[in-house]
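Hi,

Here is the structure I promised to send over. Have a look at it first, and then read my notes below.

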Amino acid sequence: MGGAIVDGALRSAVLPPDALAVVEPDAGRRARLPRTVETFADLAGGGAWLRARGAHAQVLLAVKPQALADVAAGLRPALGDDPRVVISILAGTPGAKVRALLACARVVRAMPNLALRVGRGCTAVCLSDGAAHPDDHFACALFGTGGQKVFRVDEALMDAFTALAGSGPAYVFYLAEAMQRAGVLMGFEHAQALEMVRETIAGAAALLAEGAGQTGAGGPDPATLRAGVTSPGGTTAAAVRVLEDSDAMETWARAILAARDRGRTLADGR
């Protein structure tokens, strides 16, 4: 995700290459970053780069939540005593926890999803511990490159957004797996079934997005679109009946709630 954020920032000119540095311990990942970006293998080098640019330079934390304490211990000396904006994309990690480890940080939380890699992501941004407007302006610009959608939310809803949209691509991929498996069972070759599923999901997503920006609730909702495909007594209706008999709608909802609840336990270090 960090690499996708860097690519988007450079592609959209939100940041010039000389205003950006990346700390990445993994040599392979460093090699995949654009050559115009200054990279460091550890926080010692990155910290020196940060100190040289003063308190206006912002920090983006894109690490596993379990690594936060170690990263913060290495980063803290470079932050100094001046309040500095720190953007965190750590799932299930309250801004108060980040600030407690980094002292003077003004924490802005962000949660992008995987589609950021292809310029179609959506991201939630919230002001967290120590932060106030306009501390979130750069984060909104960074994650809104190319017209990508940024939602300003309260921090209390960040775990919910993570469950719904942060993890959301995985739910679509899971559906695609099931559709591909059915295609193979019905006689299509594996690759051909996958191509059919890709085109079907891409087309359905385009239809769902078509009404965005229209009056009312933003165009046709999923239930309306589904009804338009489902003729009474037809083939689609037969499929939907099986899904309804297996309580699929409620199962999906429970799955998303489970993802939200897991985010809350991550905050407790469990």
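Strands β4 (residues 84-88) and β5 (residues 105-112) run parallel and are joined by five bridges. Strands here are DSSP runs of E with at least two residues, helices are runs of H or I with at least four residues, and both are numbered from the N terminus. Two strands count as paired if DSSP finds at least two bridges between them.

Before I go on, a word on the basis: this is a predicted model, where local features need pLDDT of at least 70, side-chain atom pairs count only at pLDDT 80 or more, and totals for chains, interfaces and linings use all residues. Residues are numbered from 1 along each chain as its sequence is written, and side-chain values use heavy atoms, with hydrogens and water left out.

Now the sheet as a whole. It is open, has five strands in the order β3-β4-β5-β6-β7, and its pairing is mixed. At the edges sit β3 (59-61) and β7 (149-152), each of which pairs on one side only. On average, neighbouring strands are turned by 25° against each other, ignoring direction; axes are lines fitted to C-alpha atoms (for helices over the stretch in contact), and angles between N-to-C directions run from 0 to 180 degrees. As for β5, seven of its eight residues are buried, where buried means under 20% relative accessible area, exposed over 50% and partly exposed in between, with a 1.4 Å probe and protein chains only.

On to the helices. Helix α4 (residues 68-79) lies across β3 and β4 and runs at about 175° to β3.

In α5 (residues 95-102), the buried residues are Gly95, Val98 and Leu102. They lie on the same side of α5, because they cover an arc of only 60° around the axis; the arc is taken from the directions from the helix axis to the C-beta atoms. Their cover includes β3, α4, β4 and β5. Ala103 follows α5 and has a positive phi, near 60°.

Helix α3 (residues 43-52) has Gly45, Gly46, Gly47, Trp49 and Leu50 buried. These pack against β1 (21-23), β2 (38-40), β3, α4 and β4, with contact meaning heavy atoms within 4.5 Å. The N-terminal end of α3 is capped by Asp42, which has a side-chain oxygen 3.2 Å from the backbone nitrogen of Ala44. Just after α3 comes Gly54, with a positive phi of about 80°.

For Cys140, the nearest one is that of Cys126, 10 Å away. Cys122 is buried at a relative accessible area of 18%, and Cys140 is buried too, at 14%.

Apart from neighbours within four places in sequence, Thr145 is in contact with Gly8, Ser12 and Val14.

Cheers

Terms used: Disulfide = S-S within 2.5 Å. Polar contact = N/O pair within 3.5 Å; in protein donor to acceptor, adjacent residues only side chain to side chain.
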